[in-house]
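Hi everyone, thanks for coming.

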Amino acid sequence: MPSGLHADTVGPVDVAVIAFEGNTFDGGIVPTLRELQQDATVRVLDLAFVSKADDSSVTVVELTDPGVAETLRQVSDVQFDLLSDEDLQTVSDTLTPRSSALVVAWENTWAGRLAAAIRASSGEMVLLERIPRSTVVEAIAALDGK
């Protein structure tokens, strides 16, 4: 189990699927993921790399596999196993031939700290919703147009 992970203090967990054209992973986002983890913004709990070949065959690389796994271990060497085979199959079903995806499950540790403070003050989070990026970009553009 990842160190410091406790049911009473765990923050919300998100799964991100980051798609790439082609079947190779250059690791370009690894330094940023590692930095976010070192800054305690997120805690990477599980990751996998899924690729689909021209013939639609699928390859899944997890932390225990060689190659891409060495790059992924730069972010996390603990595999919490939140991503099931079925989850990865669902991701692979959405990929077009000659494409790939990095699938990352992370705990939002910043939100865990906030949630603990809310509970400690007898509060309760009753709604949390992510505003789509396109909506935020439109709002910023509208401000710039004034």
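Before anything else, one term: two strands pair if DSSP finds at least two bridges between them. Strands themselves are DSSP runs of E with at least two residues, helices are runs of H or I with at least four residues, and both are numbered from the N terminus.

Next, what you are looking at. This is a predicted model, in which local features need pLDDT of at least 70 and side-chain atom pairs count only at pLDDT 80 or more, while totals for chains, interfaces and linings use all residues. Residues are numbered from 1 along each chain as its sequence is written, and side-chain values use heavy atoms, with hydrogens and water left out.

Let's start with the overall layout. The chain has 5 helices and 4 strands, and from the N terminus on, the order is β-α-β-β-α-α-β-α-α. Of its 146 residues, 32% are buried. Buried here means under 20% relative accessible area, exposed means over 50%, and partly exposed is in between, using a 1.4 Å probe and protein chains only. The chain exposes about 9,300 Å², and carbon and sulfur atoms supply 55% of that area; the areas come from the Shrake-Rupley method with a 1.4 Å probe, and for residues only the protein chains shown count as cover.

Now please find strand β4, residues 99-107. How many residues of β4 are buried? The answer is 9 of the 9, so β4 is largely enclosed by the rest of the structure. On one side we have S99, A101, V103, A105 and E107, on the other S100, L102, V104 and W106, and all of them are buried, so both faces are covered. As a general point, side chains in a regular strand alternate between the two faces of the sheet.

Which strands pair with β4? Strand β1, residues 13-21, runs antiparallel to β4 and is joined to it by 9 bridges; there, V15 stands opposite A105. Strand β2 also pairs with β4 in the antiparallel sense, over 9 bridges. In that pairing R43 stands opposite E107, and A48 stands opposite V103. Strand β2 is largely enclosed by the rest of the structure too, since 10 of its 10 residues are buried.

Let's look at the two ends of this region. S99, in strand β4, is buried, with a relative accessible area of 4%. Its side chain reaches the backbone oxygen of T96 at 2.5 Å. That is a polar contact, meaning a pair of N or O atoms within 3.5 Å; within protein, one must be able to donate a hydrogen and the other to accept it, and residues adjacent in sequence count only if both atoms are side-chain atoms. Then there is N108, in the loop between β4 and α4. N108 counts as buried, at 9% relative accessibility. The side chains of N108 and W106 are joined by a polar contact of 3.4 Å. N108 and P12 are 96 residues apart along the chain, yet their C-alpha atoms are separated by 5.5 Å.

What about the nonpolar residues? A nonpolar core is a set of buried Ala, Val, Leu, Ile, Met, Phe, Trp, Tyr and Cys residues joined through side-chain atoms within 4.5 Å. The largest one has 12 residues, among them A16, F25, L33, L47, L102 and W106. The elements that give two or more residues to this core are α1, β2 and β4. A second, separate core has 9 residues, including A48, L83, L88 and V91. In general, nonpolar side chains tend to be buried together in soluble globular proteins.

S56, in the loop between β2 and β3, has a positive phi of about 70° although it is not a glycine. R98, in the loop between α3 and β4, is not a glycine either and has a positive phi of about 60°. S56 counts as partly exposed at 40% relative accessibility, and R98 counts as partly exposed at 43%.
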